[in-house]
Protein chains: 2
Amino acid sequence: MPDLDIDVLVSEVGPRDGLQSIARAMPTDVKHRWIVALAQAGLREIEVGSFVSPRLLPQMADAGQVVREARKIAGLTVLALAPNLKGAERGIAAGVHKLSFPVSASRQHSVSNIRMTPEQAIEQVRQTCALCAAIPSGLRPSVEAGISTAFGCSMEGAVSEDWVMKMAADLVSAGAGSVGLSDTAGCANPVQVKRMFARLQREIGNHAGAAHFHNTRGQGLANVVAALEAGVTTFDASQGGLGGCPCAPGATGNIVTEDLVFLLESMGLRTGIDLDRLIAAREIILEGLPGEPLYGNVPNAGLPKGFRYASPGRNG
Amino acid sequence: MPDLDIDVLVSEVGPRDGLQSIARAMPTDVKHRWIVALAQAGLREIEVGSFVSPRLLPQMADAGQVVREARKIAGLTVLALAPNLKGAERGIAAGVHKLSFPVSASRQHSVSNIRMTPEQAIEQVRQTCALCAAIPSGLRPSVEAGISTAFGCSMEGAVSEDWVMKMAADLVSAGAGSVGLSDTAGCANPVQVKRMFARLQREIGNHAGAAHFHNTRGQGLANVVAALEAGVTTFDASQGGLGGCPCAPGATGNIVTEDLVFLLESMGLRTGIDLDRLIAAREIILEGLPGEPLYGNVPNAGLPKGFRYASPGRNG
């Protein structure tokens with residue numbers, strides 16, 4: 001849920017979703033400078049890493065250290081991904097504020113991504129929530145789940161909406177504080193997005209969580225407009241659309257944070273984010289990953305003449 | 001207005017808006033092959049050229065010949081731009097079905113673009129409509145106007161909505177069959193788009209015309225979603241987002257036809273367009289303009305597994 005002085009929470013996932021898709025590792029100190037710059041630009045929640053096996057994703061091997069450093073940034077919610085209880089334990093030990101579990105609606109995707117069935121993944125969420133319940137409330141991390149391939153799967157094709165909703169309810173029963181929907185494969189369209197987020201809210205009420213859209217087919221911001229109409233107030237995005245596959249030019253990763261923030265502020269929705277500062281942070285990415293392709297139109301085009309932020313204090 | 005068997009008319013402007021932004025000229029025979037391929041992909045209306053001074057835009061010097069060839073394509077509405085009465089006369093002589101007049105709401109943009117004030121531009125529309133009225137109805141071209149910089153101007157900044165609406169009413173009085181709104185500078189946001197197209201319909205009823213969005217800041221398809229909600233049924237788009245400025249990478253031209261068609265068909269809106277054939281037509285552009293950067297995500301990512309068209313007869 002956004003703070004009182006913002007209307008929409010932009011949750012930056014570049015340091016996790018972006019960097020995990022790039023074979024090279026960004027040096028830990030650069031990750032930290034990037035996260036600091038993002039927080040200074042006004043981002044309030046950042047997914048800083050993933051507690052997966054360092055053997056599988058060596059780019060994420062420093063997740064514990066990155067979390068510990070990020071926790072020193074005042075006002076920042078430090079989020080990290082955990083695929084299972086073991087990862088969650090590492091995240092909790094490092095001091096995350098929030099754990100994010102990817103739980104795939106597609107059986108094939110689930111097995112290939114985290115080597116578990118959807119039911120087994122939900123069980124990991126349940127065990128993690130039980131573990132968290134034993135932690136004193138001031139230190140207790142919240143647990144959120146994101147249903148991957150909720151809008152379709154590149155392996156299975158169409159995914160049952162009833163099944164997605166059942167999973168969402170089961171995840172809430174397992175203790176997840178919020179459950180979001182992810183367009184992992186870039187299949188979603190605005191009609192489907194509006195229908196599914198509206199239904200998610202009917203089914204799990206204020207546990208309904210973030211929208212996580214990949215921009216694979218260029219439809220990301222169109223889907224954001226639809227999700228806003230369904231009442232979604234938290235959106236994941238990645239600076240520079242980081243995580244585009246170099247084998248498929250144009251097949252970008254997440255929606256681009258810069259373009260998303262421009263969309264929201266233009267629509268009169270306060271994000272608390274300063275675009276000039278945000279765009280300046282791109283330099284740090286390129287320091288850590290020289291030559292890495294960065295996406296986004298607003299960084300190239302700049303702000304329109306006479307542009308006014310919705311966020312108070314950002315104008316002039 | 002779309003035909004009965006489609007829900008949304010995609011009006012391809014690449015051969016005009018795209019090519020006029022590129023310094024090199026595409027050879028006339030390649031233009032013709034491209035237009036044929038677009039029509040074969042299902043596009044029903046194509047803006048094939050511009051009757052401007054060949055001194056100013058040598059890329060458009062063959063507009064008459066291109067129109068005459070395009071008229072031979074069965075079922076295609078052949079549209080051409082005219083900035084003034086003189087251009088309109090050339091277009092009529094070549095046999096266009098429709099003339100499109102750009103009339104800028106921004107005084108500065110109007111003078112720098114067509115060396116006329118908005119009032120003078122409206123007067124050219126009036127004279128053209130009077131000329132057309134004298135043509136036998138079976139041969140008479142229709143006249144549409146597009147209000148450029150309707151959502152903001154890169155020179156003047158914000159543009160008065162009241163002024164845009166007054167211009168629209170004046171253009172209808174001058175005889176224009178339809179009046180659309182153009183986001184020439186890529187300033188528009190979905191809230192503004194929905195509000196202005198809804199108001200346009202209130203002010204000029206069924207004379208309300210096409211939405212023409214540039215994708216300068218990556219917001220084009222988000223604005224399409226908003227325009228659809230306001231009841232817009234005709235959208236301009238350019239194959240490959242042709243017309244991006246090579247000096248500003250990412251500062252693309254119009255919204256990308258391929259991505260737009262995917263959006264509309266995914267939403268259940270019939271366009272009558274076949275995406276595989278459309279994507280294949282990109283090759284012809286590159287034959288005529290080797291090395292030209294083409295934009296769009298769907299051409300790279302392909303269609304999702306299990307994708308179904310809204311258009312009947314396109315599936316399987």
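Phe151(A) counts as buried, at 5% relative accessibility; buried here means under 20% relative accessible area, exposed over 50% and partly exposed in between, with a 1.4 Å probe and protein chains only. The model is a predicted one, so local features need pLDDT of at least 70 and side-chain atom pairs pLDDT 80 or more, while totals for chains, interfaces and linings use all residues. Residues are numbered from 1 along each chain as its sequence is written, chains are lettered from A and ligands numbered from 1 in the order in which they are written, and side-chain values use heavy atoms, leaving out hydrogens and water.

Now for the rings. Over all chains, the structure holds eight aromatic pairs. Rings of Phe, Tyr and Trp (its six-membered ring) pair if their centres lie within 6.5 Å, with planes under 30 degrees apart called stacked, over 60 edge-to-face and the rest tilted. One of the eight pairs is Phe151(A) with Phe197(A), a tilted pair at 6.3 Å centre to centre with 40 degrees between the planes. This pair ties together distant parts of the chain, 46 residues apart: Phe151(A) sits in the loop between strand 5 (142–148) and helix 7 (161–173) of chain A, and Phe197(A) in helix 8 (residues 190–204) of chain A. Helices (H or I, at least four residues) and strands (E, at least two) are DSSP runs, numbered from the N terminus. Phe197(A) is buried too, with a relative accessible area of 1%.

What angle do the planes of Phe262(A) and Phe307(A) make? Their planes are at 25 degrees and their centres 5.3 Å apart, so this pair is stacked. It also links distant parts of the chain, 45 residues apart, with Phe262(A) in helix 10 (residues 257–266) of chain A and Phe307(A) in the segment after helix 13 (298–301) of chain A. Phe262(A) is buried, its relative accessible area being 1%, and Phe307(A) counts as buried at 18%.

Over in chain B, eight strands close into a barrel with parallel pairing, in the order 1-2-3-4-5-6-7-8. Two strands pair if DSSP finds at least two bridges between them. From one strand to the next, the twist averages 30 degrees; axes are lines fitted to C-alpha atoms, for helices over the stretch in contact, and angles run from 0 to 180 degrees between N-to-C directions.

Strand 1 (residues 9–12) of chain B pairs in the parallel sense with strand 8 (residues 234–237) of chain B over four bridges, and Glu12(B) has Ala237(B) as its bridge partner there. Two bridges join strand 1 to strand 2 (residues 45–50) of chain B, again running parallel. Here Ser11(B) stands opposite Glu45(B), and Glu12(B) opposite Ile46(B). In a regular strand the side chains alternate between the two faces of the sheet. Strand 1 of chain B is covered on both faces, with Leu9(B) and Ser11(B) buried on one side and Val10(B) and Glu12(B) buried on the other.

Helix 10 (residues 257–266) of chain B lies across strands 1 and 8 of chain B, at about 180 degrees to strand 1. Within helix 10 of chain B is Glu258(B), buried with a relative accessible area of 0%. Among the residues Glu258(B) touches are Ser238(B), Gly240(B), Leu275(B) and Arg282(B), contact meaning heavy atoms within 4.5 Å. A polar atom of the Glu258(B) side chain lies 3.0 Å from the backbone nitrogen of Gly240(B).

Key:
A polar contact is a pair of N or O atoms within 3.5 Å; within protein, one must be able to donate a hydrogen and the other to accept it, and residues adjacent in sequence count only if both atoms are side-chain atoms. Lists of a residue's contacts leave out its neighbours within four places in sequence.
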